[in-house]
Amino acid sequence: MYEDLGFEKLLDADGFFARLLGRSPSGEDRKPLYGPDLPVVLLTGGPGMGKGRLLRAVHDRFARQVPVIRLDCASSEYMGRARAEPGARSVVTEALVEAALLLHTWRGTGGAFAFPRFFAGLAVIATGVAGGTGEAIRTEVERYEELIQQPRLRGLWALDFWRGALLGAVQRMLEVLAGQAFGPYGAAALTALLDALFERVTPRIEAELTRIYGEYPGAAGQPKHGLRRLADDFRAGGERREDAERFLFRALREDLEAAYGGLGGWLGRVGRPGLLLDHAEEPLGERLLRAALTDRRDGQRDRVVIVGTARRADGGDFLHGGLPPREVAAFRPADGVPATWSRRSDPEEDRGPLSAGVLILRMPFLTGDQLRRATERIQLGAEREGGMHRPRITAAVAQLSGGRPHTVIRLATAAADHRMETDANDRAILDAKLHHPDGTAERPVTDVLLQELILDQLPVRLPDEHHEQWLDLLTHLSVAHDPACADVLLRHHQAGRVLRLTAHEVARLLNDTGWPSCERHFIGDFGLRQLLVHRLYGLSRDGAAWYTNHHLLRDHYAVSEPSGGAFHSVTTHQMNHHLVSGGVDDVVRHLAATLPGRSRQWCEELLEIAQAPYPGGADERRKRAQGLARVDGPPLRRTVDQLLHAVWLCEERTRPTGGEMARTLEQLLRQLSTMDFDGAGELGPTATEWRRLAANEQPLLRCDCTDQLGRRR
């Protein structure tokens with residue numbers, strides 16, 4: 001399966017992750033990439049590109065050989081635990097504690113990890129518990145005590161110098177706290193806790209605490225001051241709390257680094273520990289990434305492999321410090337293993353952007369071969385009537401998915417047993433039912449995909465008041481072409497709301513979520529747009545919502561807009577919406593009337609008008625294109641009617657066209673070129689060009705999303 005999705009090269013014995021972690025999936029040593037200044041690796045790609053699937057694969061393949069753990073930064077569990085004691089816990093600390101506990105249970109080569117440095121920081125922020133009683137603080141401190149318990153292991157590394165001395169100090173701390181009342185702010189408790197800690201620790205432990213917490217901002221080399229300021233900053237909240245959280249993450253990484261140091265670590269441990277952050281675009285993930293990147297930019301070095309996900313191709317705004325995004329070191333799976341990486345430096349900058357410490361792995365769309373293999377593998381054993389529908393289903397999956405791996409899997413699974421009518425639009429497979437393995441009721445694959453790609457992955461910065469309408473807004477915007485067009489729809493569908501989204505804000509949110517843009521389509525991802533268009537037509541009876549939106553835009557561009565936006569003219573923009581909302585005959589009359597004397601410009605307008613989705617219901621375009629449907633009028637109008645429907649079929653790109661429609665296009669254009677009107681002869685070269693493009697399944701009018709489809713074929 002991973003081979004079908006293009007992951008195999010990344011995961012094999014000599015692939016990128018084996019080299020990064022220093023260990024193959026079978027346990028063989030690999031010379032580690034980079035170091036000692038490690039990059040943070042970001043897997044970038046929008047929803048459904050397989051980022052989470054790849055992280056799970058890395059964990060599954062390598063976690064038995066090296067200590068690799070995976071955290072879901074979108075999990076609500078961390079928030080739930082933090083709310084229980086908001087003065088002593090946060091989402092970040094809960095995630096870090098979970099990471100430490102997972103590593104504490106590591107049973108592979110080298111054994112479990114202990115976290116005394118991290119524990120010291122957790123102990124002091126425990127004084128912020130509600131009530132501030134000694135018993136409450138004691139209970140909170142005991143919650144973390146497991147992190148300093150070193151399991152009994154054979155070997156030199158079992159003689160950790162923290163063992164015994166620190167445990168004794170902790171017991172003394174707990175004795176001091178028992179039964180005491182320190183007041184609501186925990187200051188006295190913090191003093192008592194620090195006094196008890198430093199009263200019992202050995203000089204070696206105190207020196208290590210000095211090295212770590214003596215470097216806390218404002219500590220002036222004094223570990224007590226550093227721990228006190230950390231606790232105060234955590235209690236203060238805001239940016240000060242973020243500083244404290246960053247330092248706690250550093251302490252955890254220092255514990256991991258110490259476990260690999262010395263004779264015991266050198267003899268007993270292999271590879272590098274790994275922290276995999278799924279959904280790292282969420283606030284929790286951004287804070288953890290920012291913390292590690294800031295420390296490494298400032299010179300702190302550790303061997304922890306940090307791999308996170310990011311929806312945006314540039315990794316996210318926070319990496320660029322509010323400045324326009326700069327180029328970030330990046331590669332794709334097909335490039336192999338990037339052998340070199342070094343932190344980008346700028347002599348004019350004291351502190352460069354965080355992006356200088358990042359290596360981006362761009363998640364790939366499936367190639368045509370990968371897509372066919374994945375689809376056929378899923379469909380194997382589900383053939384109907386000798387498999388006569390398989391080629392058509394495979395082509396439909398390729399077209400509607402755009403090569404997005406998750407969409408490919410869902411569509412191929414749902415359509416495996418679906419009968420594809422010869423004359424059906426590819427969007428017919430979006431009505432196929434998806435049977436969930438967990439036994440829940442089957443659902444149309446459209447609903448499943450929109451749930452997974454849109455509702456389960458809302459933009460991180462989407463205001464809460466817009467969560468419940470986000471899918472509906474995108475559904476209506478599926479027929480918009482540019483921001484001005486989108487704003488018309490947004491004003492209509494947000495009427496009566498105090499807080500509204502503008503087209504600019506929606507476009508920014510889509511970009512932040514990793515969806516591509518297109519200069520001719522407001523929803524710039526072809527596959528997503530097809531899902532939304534399909535939903536729009538079915539949103540109300542007989543496609544009423546579809547027709548309402550198109551009529552709204554048709555009427556708007558008929559009277560009030562000074563320019564056509566993404567179109568050459570207002571009239572062309574108007575005719576595009578009129579075409580798909582019941583005005584086919586009006587559009588034909590308009591085209592027939594405007595052709596003489598302006599053949600080249602007319603062809604451009606024809607392509608713009610016909611680049612539109614076909615509404616639901618019976619599709620008569622092929623019959624009308626081939627002259628099999630009765631159309632009244634003079635020869636020019638009848639020929640234009642046929643040509644419009646032929647171009648519409650080719651431009652929508654959700655019906656197979658190929659050689660048959662290519663010949664039809666050429667025949668109709670040459671037929672027009674022999675008619676008696678000014679400029680008719682100019683249509684001959686166009687006939688040759690359009691036939692060639694259509695025969696090779698290429699768009700007649702190019703745009704960003706058709707180019708993206710072409711690159712994935």
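## Gln 457, a buried loop residue

Gln 457 counts as buried because its relative accessibility is 15%. Buried means under 20% relative accessible area; exposed means over 50%, and partly exposed lies in between (1.4 Å probe, protein chains only). Gln 457 sits in the loop between α18 (445-453) and α19 (470-477). Helices (H or I, at least four residues) and strands (E, at least two) are DSSP runs, numbered from the N terminus.

This is a predicted model: local features need pLDDT of at least 70, side-chain atom pairs count only at pLDDT 80 or more, and totals for chains, interfaces and linings use all residues. Residues are numbered from 1 along each chain as its sequence is written, and side-chain values use heavy atoms, with hydrogens and water left out.

What does Gln 457 touch, not counting residues up to four places away in sequence? The list is Pro 47, Gly 48, Arg 311, Glu 452 and Thr 513. Contact means heavy atoms within 4.5 Å. A polar atom of the Gln 457 side chain also lies 3.3 Å from the backbone oxygen of Glu 452.

## The whole protein

The protein has 31 helices and 8 strands. Its C-alpha atoms fill a box of roughly 105 × 55 × 55 Å, taken along the principal axes. Of its 713 residues, 56% are buried. Take the contacts with a separation of 6 or more: residues 24 or more positions apart account for 72% of them.

The protein exposes about 29600 Å², and carbon and sulfur atoms supply 49% of that area. Accessible areas come from the Shrake-Rupley method with a 1.4 Å probe; for residues, only the protein chains shown count as cover. There are 92 positive and 97 negative charges, and their mean positions are 3 Å apart. Lys and Arg count as positive, Asp and Glu as negative; His and the chain ends are not counted. Each charge is placed at NZ of Lys, CZ of Arg, CG of Asp or CD of Glu.

## Aromatic pairs

The structure holds 9 aromatic pairs. Rings of Phe, Tyr and Trp (its six-membered ring) pair if their centres lie within 6.5 Å; planes under 30 degrees apart count as stacked, over 60 as edge-to-face and the rest as tilted. One of the pairs is Phe 16 with Phe 331: the ring centres are 5.0 Å apart and the planes meet at 55°, so the pair is tilted. This pair links distant parts of the chain, 315 residues apart. Phe 16 lies in helix α2 (residues 16-21) and Phe 331 in strand β5 (residues 330-331). Both are buried, Phe 16 with a relative accessible area of 0% and Phe 331 with 4%. Ring pairs also bring in Phe 17, making a cluster of Phe 16, Phe 17 and Phe 331.

Next come Tyr 216 and Phe 247. Their ring centres are 4.9 Å apart and their planes stand at 75°, so this pair is edge-to-face. Tyr 216 lies in the loop between α10 (203-213) and α11 (223-236), and Phe 247 lies in helix α12 (residues 238-260), so the pair ties together parts that are 31 residues apart in sequence. Tyr 216 is buried at 3% relative accessibility, and Phe 247 is buried at 4%.

## Asp 278 in a strand

Is Asp 278 buried or exposed? Asp 278 is buried, because its relative accessible area is 4%. This residue lies in strand β3 (residues 274-278). Its side chain joins that of Arg 70 through a polar contact of 3.0 Å. A polar contact is a pair of N or O atoms within 3.5 Å; within protein, one must be able to donate a hydrogen and the other to accept it, and residues adjacent in sequence count only if both atoms are side-chain atoms.

Leaving aside neighbours within four places in sequence, Asp 278 is in contact with several residues, including Gly 52, Leu 55, Arg 56, Asp 72 and Thr 309.

## Helix α21

Which residues of helix α21 (residues 503-512) are buried? They are Ala 503, Val 506, Leu 509, Leu 510 and Asp 512. An α-helix has 3.6 residues a turn, so residues three or four places apart point the same way. The buried residues of α21 pack against α19 and α20 (483-493). Just after α21, Gly 514 takes a positive phi of about 95°.

## Backbone details

The peptide bond from Gly 35 to Pro 36 is cis, with omega near 0°. Pro 36 lies in the loop between α2 and β1 (40-44). Tyr 34 is found in the loop between α2 and β1. Tyr 34 has a positive phi of about 65°, although it is not a glycine. At 14% relative accessibility, Tyr 34 counts as buried.

Arg 653 has a phi near 65°, a positive value in a residue other than glycine. Arg 653 is placed in the loop between α28 (635-652) and α29 (658-673). Arg 653 is buried, with a relative accessible area of 6%.
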